[in-house]
Amino acid sequence: MISNREHGNSTPDISLLSPIARALDTSLDILLSFKKEISEEEVNKIKEKLTEIFLNEDYEKANNECNEYIREYPDSAYLKLSIATLIQMYGMMDAKDEDIYKKRMEHSLELLYKVVDSDEIKYRTLALFSIAHIEMALENYEKSEKAIKEISSSSIDPMVLYVSLLEKQNKQKELFTTAEGMLLQYLNQSGAMISILARQYKANNEYEEEKSFLMALHKIQESFQIGMGSAAYSLSNLYYEQEDMELAAKWFKKYVKAIIDAGYDYTNNPYFKHVKLQLGNEGQKIIRKKMFLDILENGKMDNLKGIKEYDEAIELLKKAAI
């Protein structure tokens, strides 16, 4: 019987295919080398479904769902990129220790490196960017640097020319979406640079310079209604460390008001009203509530208790967390 099959004179009973697939921990499609196609639109719908599971249920259930989709569509680079991004985003949820978080990030990296090695060139830069970020977080600095160097080193962003082209063609809808998205991206990147410079001045005990940079960042965030008050929080920490408790409380309240008042999307933001977030309002509410509870449980600035502005900020957080 075996000899007949080896020489192509007979084939295995079709009823044996499912048990064979299970034994090999694979699907019938993969076993029979059938490549299932999936569109970006379908992947985006899967991503929305997985996001809901990550947010409303536990990480392991969401991760199992991710693995099922990867098994079903093993050739989709965009699916791997999307799932790797979700793991990167929600990997800290329910992570009881550093080892669990590290294992999750390594899982994300495994998928991202497969995207880089795939034939789908258009996803490669995004994958490399995420790789650089995760490797840096895991303190694999050489790997992070290698990924950064693989990303195009050109200082000219072709998207600037693209927006000009849209303007020439009078394609207003696409122009607003693209230009606003780019503006938001550039502001966030500039904010990151300002924060890094501020931290370096702090490391050198040059506190006035640190303060100057943080004040500039606060003005940008306040003007464009972005940043969730991160500059105000850094200023609160700066004054707290300098034992100026009144100013620390003042900036802490500014921080709390910024995260409470921030919209769940950009609909009411005059600068980015055409920018759509991947995570919907309900998901944003869940994340925001967790943020409020984390601040309340942190207790880092408990020495500010009794100062009016700090106490008022804590009451605002308690109401917002309900």
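Contact here means heavy atoms within 4.5 Å. The model shown in these views is predicted.

**Figure 1. Overview of the chain.** The chain holds 16 helices and 0 strands. Of its 322 residues, 33% are buried. Among contacts with a separation of 6 or more, 56% are between residues 24 or more positions apart. The accessible surface comes to about 20,700 Å², and carbon and sulfur atoms account for 53% of that area.

**Figure 2. Helix α4 against helix α5.** Five residues of α4 are drawn with their partners: Ile 46, Lys 49, Leu 50, Ile 53 and Phe 54. On the α5 side they meet Tyr 59, Lys 61, Ala 62, Glu 65, Cys 66 and Tyr 69. By class, this contact of α4 with α5 has 8 nonpolar, 3 charged and no polar residues. Helix α4 spans residues 40-56 and helix α5 residues 59-72. Their axes come within 8 Å and cross at roughly 160°. Because angles over 145 degrees count as roughly antiparallel, α4 is roughly antiparallel to α5.

**Figure 3. Asn 63 in helix α5.** Asn 63 is placed in helix α5. With a relative accessible area of 11%, Asn 63 is buried. Apart from neighbours within four places in sequence, Asn 63 is in contact with Ile 87 and His 107.

**Figure 4. Helix α14 against helix α16.** The axes of α14 and helix α16 (residues 308-321) are 8 Å apart, and the two helices pack at an angle of about 20°. Angles under 35 degrees count as roughly parallel, and α14 and α16 are therefore roughly parallel to each other. The crossing of α14 past α16 is left-handed. From α14, the residues in contact are Glu 246, Ala 249, Lys 250, Phe 252, Lys 253, Val 256, Lys 257, Ile 259 and Ile 260. From α16, they are Glu 309, Tyr 310, Glu 312, Ala 313, Ile 314, Leu 316, Leu 317 and Ala 320. This contact of α14 with α16 has 11 nonpolar, 6 charged and no polar residues.

**Figure 5. Ala 262 and its partners.** Ala 262 is located in the loop between α14 (245-261) and α15 (281-298). At 22% relative accessibility, Ala 262 counts as partly exposed. Leaving out neighbours within four places in sequence, Ala 262 contacts Met 228 and Arg 288. Ala 262 and Arg 288 are 26 residues apart along the chain, and their C-alpha atoms are separated by 9.7 Å. Met 228 belongs to the loop between α12 and α13 (230-241). Although Met 228 is a residue other than glycine, its phi is positive, near 50°. Met 228 is partly exposed, its relative accessible area being 27%.

**Figure 6. Lys 211 in helix α12.** Lys 211 is found in helix α12, which covers residues 207-224. The relative accessible area of Lys 211 is 17%; Lys 211 is therefore buried, the cut-off being under 20%. Not counting residues up to four places away in sequence, Lys 211 touches Leu 235, Leu 238 and Tyr 239.

**Figure 7. Asn 170 in a loop.** Asn 170 sits in the loop between α10 (158-168) and α11 (172-203). Its phi is positive, about 60°, although Asn 170 is not a glycine. Asn 170 is exposed, with a relative accessible area of 59%.

Technical notes: Residues numbered from 1 in each chain as written. Predicted model: local features only at pLDDT ≥ 70, side-chain atom pairs only at ≥ 80, totals over all residues. Heavy atoms only, no water. Axes fitted to C-alpha atoms, helices over the stretch in contact; angles between N-to-C directions. Helix = DSSP H or I, 4+ residues; strand = E, 2+ residues; numbered from the N terminus. Parallel < 35°, antiparallel > 145°, perpendicular 65-115°, else oblique. Nonpolar A, V, L, I, M, F, W, Y, C, P; charged D, E, K, R; others polar. Buried < 20%, exposed > 50% of the residue type's maximum accessible area, 1.4 Å probe, protein only. Left-handed = near helix turned anticlockwise from the far one by under 90°. Areas by Shrake-Rupley, 256 points an atom, 1.4 Å probe, with all protein chains shown as cover.
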